[in-house]
Amino acid sequence: MKSEALTIAGRSYPSRLIIGTGKYPSLEVMRRAIEASGASMVTVAVRRVNLSRRDGESLLDFIDTRKVALLPNTAGCRTAEEAVRTARLGREAGLSNLVKLEVIGDEKTLFPDNDGLLQATRVLVKEGFTVLPYTNDDLVVARRLRDAGAAAVMPLAAPIGSGLGVQNPAHLRLLLEEIRDVPVIVDAGVGTASDAAMVMELGADGVLMNTGIAGAGEPEKMARAMRLAIEAGRLAFEAGRIPRKLYATASSPMEGIVR
Amino acid sequence: MTTAVTIVLNGLEHAAPVGASVLALLETLGFAAGRVAVEVNGRILRREDFARAILRDGDRLEVVQFVGGG
């Protein structure tokens, strides 16, 4: 029995896990981690080509784009203008309208700039992009992004690369309760499998992570762990957990006990 | 008679032969046209236009590609 697929802007993706392609020890390790994760979408960054050094190894040689959709990001952009420009370049490089929109407002925490994020979302939606904005776990901002035409909202669990896990489950729950018409994909802060499972049990539609896998001792193994955790968490959510009670209820019949 | 134009490529001055196209520039630099995106003077240049876009003196080009990222 499999959990339901993830649908973004009318397209269905079999896996609810989206993984990043940064920070792996090597591109070959990345390739194996993508495979083990079962991800149907991977994020990529858009950067100037290196004019002084052509080392022959190209990221795209290690991603099977027939099986995995590319999600270009606007990582590192600090203004709406920078993010829009980067998104346009990414669309041209990848010939897809998908964009993971990041507008960073603070260097230490990498928290998003809500103003810039909304502005850029509006511009890019008008230009036909499928915008997946990386946002904080703020319900009001999420609602505005959705109303601006974002195809999903991607609240953080914790700061990017921190591995802290869900720092504010109550906020995530509020957001998940309210945002029902577009997917909510928790992006950033997942450190290990239980973090991912917990996010899915709360009812998130998907999880996006990079460092949690790429930075693990064995990325390929962690990728598999994340895949299983997300599948397990989603199934548990769909199945519906039992209510929490303070006292015990016996599982075995009380009749016929040998005394 | 000048035989070269000077462009600004990814923020650095770069000389190219007069009449060279963006496609020719990419080939000289060793980049596959199918894997990069190009912006000329702030505007996206569609891939199908690489061959007929001729570099002019002072053009500002950005050539980008996908790299690993989250």
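Which residue in E7(A) does Leu98(A) stand opposite? The residue is Thr130(A). The model in which this pair is found is a predicted one.

**The sheet**

Strands E6(A) and E7(A), the latter made of residues 130-135, pair in the parallel sense over 4 bridges. They belong to an open sheet of 3 strands in chain A, ordered E6-E7-E8, with parallel pairing. The edges of this sheet are strand E6 (98-101) and strand E8 (154-155) of chain A, and each of them pairs on one side only.

**Chain A as a whole**

Chain A contains 8 helices and 10 strands. Its radius of gyration is 20 Å, which agrees with the value near 18 Å that a compact globule of 259 residues would have. Along the principal axes, the C-alpha atoms of chain A fill a box of roughly 85 × 40 × 35 Å.

Of the 259 residues in the chain, 49% count as buried. The accessible surface of chain A is about 13,000 Å², and carbon and sulfur atoms account for 50% of that surface. Considering contacts in chain A between residues at least 6 apart in sequence, 66% join residues that are at least 24 apart. Chain A carries 33 positive and 31 negative side chains, and the centres of these two sets lie 2 Å apart.

The table gives the relative accessible area of two residues.

| Residue | Relative accessible area | State |
|---|---|---|
| Gly90(A) | 1% | buried |
| Asn210(A) | 11% | buried |

Both residues count as buried because their values are under 20% relative accessible area.

Gly90(A) is part of helix H2 of chain A, which covers residues 80-94. What does Gly90(A) contact, leaving aside neighbours within four places in sequence? The residues in contact are Val46(A), Pro72(A), Leu95(A) and, from chain B, Phe66(B). Pro72(A) is 18 residues from Gly90(A) in sequence, and the C-alpha atoms of the two are 5.7 Å apart in space.

Asn210(A) sits in a loop of chain A, between strand E10 (206-209) and helix H7 (211-214). Not counting residues up to four places away in sequence, Asn210(A) touches Gly20(A), Thr21(A), Gly22(A) and Tyr24(A) within chain A. Asn210(A) also touches Gly69(B) and Gly70(B) of chain B.

Definitions and conventions
Residues numbered from 1 in each chain as written. Chains lettered and ligands numbered in written order. Predicted model: local features only at pLDDT ≥ 70, side-chain atom pairs only at ≥ 80, totals over all residues. Heavy atoms only, no water. Helix = DSSP H or I, 4+ residues; strand = E, 2+ residues; numbered from the N terminus. Rg over C-alpha atoms; globule rule 2.2 N^0.38 Å. Buried < 20%, exposed > 50% of the residue type's maximum accessible area, 1.4 Å probe, protein only. Contact = heavy atoms within 4.5 Å. Areas by Shrake-Rupley, 256 points an atom, 1.4 Å probe, with all protein chains shown as cover. Lys, Arg positive; Asp, Glu negative; His and termini not counted. Charge placed at Lys NZ, Arg CZ, Asp CG, Glu CD. Pairing = 2+ DSSP bridges.
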